[in-house]
Amino acid sequence: MPVFSKILIANRGEIALRVQRACREMGIATVAVHSTADADAMHVRLADESVCIGPAAARDSYLNMPALISAALITGAEAVHPGYGFLSENADFAEMVEAHGLAFIGPSPTHIRMMGDKITAKTTMADLGVPLVPGSDGEVPDVEAAKRVAAEIGCPVLIKAAAGGGGRGMKVARTLDEVEEAFRTARAEAGAAFGNNAVYIEKYLDRPRHVELQVLGDNHGNVVHFGERDCSLQRRHQKLLEEAGSPGITREERDRLGEIATAALTKFGYRNAGTLEFLYQDGQFAFIEMNTRLQVEHPVTEMVTGVDLVREQIRIAAGETLGYGQADISFNGHAIECRITAEDPETFAPSPGKVEVFHAPGGLGVRLDSAIYAGYRVPSHYDSLVAKLIVHGRSRAEAIARMRRALEEFALSGIRTTIPLHLRILDDPGFRSGEYTIHWLENFVARR
């Protein structure tokens, strides 16, 4: 028997379709929600039921908590899967779901709230024995305090918003003279973007990799990790290409990181899917934040482990045990994901519009997570991600060759996309060597 009879998916696009696929394989009926702009979207077409929850603007539809709860109740859904983005890390929404007798397919509201504040997250992880980047003990209240912290740990420093993400409210001060302006700017951006102007300070690392660890925990005290992903290829703090595993760390380093993380989260009592993000430099890992949801880049982990993470999320939310331990998780080959967005590959200007031609690449080891089709009109109201192309190979070299072939095979016209940029990245010796850092892509784009 399925663990739930019906699940409402509080999201849109490829992630809504991804959750639908897992539900269908588990024999679970799905309810799609959509704005007026998404009436013809693929996730709506393929769901068992659909409910319009508001006009095009996300604040009136996909962020409308009462509308989402009402849709779940009137359709008889037993659980809500938030996907990623929108309300996926909103503790108030998780509480509202549970208050109406529905299962929230994600972590507890308490853990979402704690990890959503980066200061609280760092303090909690430090208490659990997870290494941190040197920095302030908590919020930095004023300019004078910011200057004292910067002098103590040494410049350059990174001033970061305690809430939110995506690079907003984040400024670098390379000298003590730059601290005041960076502090004031970061606070102003944080307040405007997140309604919370609290900031903290970290030592700015000059050549780190961005490495994250995928974990799952159940309600019975079991926590398992599924290896690392390298997410260093970022532009303006937005990830563009991810790999599993990281070409910059060894198996021994992965095991060491996994032991630290799972021990900490076991003590924490964490449940469902989560990702711990670290900076890695000179053989040392330093925790920066935790995402209490499914990640955009989760498919690369699925490709190297063979584990359906969405299915596991649903099982855990229904109260089932993991049913396996760390020794049962094996890592096979290498996987790469390219995030394909509706943007100009040179200027990164948004490129919404009608998809004229769409032909998906295929073949051995190729996976495409996308909800677009020929004739689909990419709306201008939401994130520009239109497809995730994922490949798996026995080695990193084979995965790179396979990704290049798949990108060349991908026919998509009517809108501009970042496919040409991905092809350039794959051909660059700096990428192929695997020796890149979080600053590599910005420099690569600037050279063009």
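Tutor: In this predicted model, aspartate 230 and arginine 209 form a salt bridge whose closest N and O atoms are 2.7 Å apart. The pair links distant parts of the chain, with aspartate 230 in strand 10 and arginine 209 in strand 9 (residues 209-217), 21 residues apart. Aspartate 230 counts as buried because its relative accessibility is 0%, and buried means under 20%. Arginine 209, at 7% relative accessibility, is likewise buried.

Strand 10 (223-235) also takes part in the second largest pocket, where strand 10 and helix 9 (251-268) each supply at least two lining residues. Strand 10 gives the most to that lining, with 3 residues.

A second pair lies within one helix. Arginine 315 and glutamate 312 meet through their side chains in a salt bridge of 2.8 Å, N to O. These two residues are 3 apart in helix 11 (residues 309-317), so about one helical turn separates them. Both arginine 315 and glutamate 312 are buried.

Aspartate 427 forms a salt bridge with arginine 404, with 2.6 Å between the closest N and O atoms. This pair links distant parts of the chain: aspartate 427 belongs to helix 13 (residues 419-427) and arginine 404 to helix 12 (residues 396-409), 23 residues apart. Aspartate 427 is partly exposed at 39% relative accessibility, and arginine 404 is partly exposed at 24%. Elsewhere, salt bridges that share partners join Glu212, Arg229, Lys239, Glu242, Glu277, Glu297 and Arg339 into one network.

Over the whole structure, the search finds 36 salt bridges and 0 disulfides.

Technical notes. Residues are numbered from 1 along each chain as its sequence is written. This is a predicted model: local features need pLDDT of at least 70, side-chain atom pairs count only at pLDDT 80 or more; totals for chains, interfaces and linings use all residues. Side-chain values use heavy atoms; hydrogens and water are left out. A disulfide is a pair of cysteine sulfur atoms within 2.5 Å. Helices (H or I, at least four residues) and strands (E, at least two) are DSSP runs, numbered from the N terminus. A salt bridge is a side-chain nitrogen of Lys or Arg within 4 Å of a carboxyl oxygen of Asp or Glu. Buried means under 20% relative accessible area, exposed over 50%, partly exposed in between (1.4 Å probe, protein chains only).
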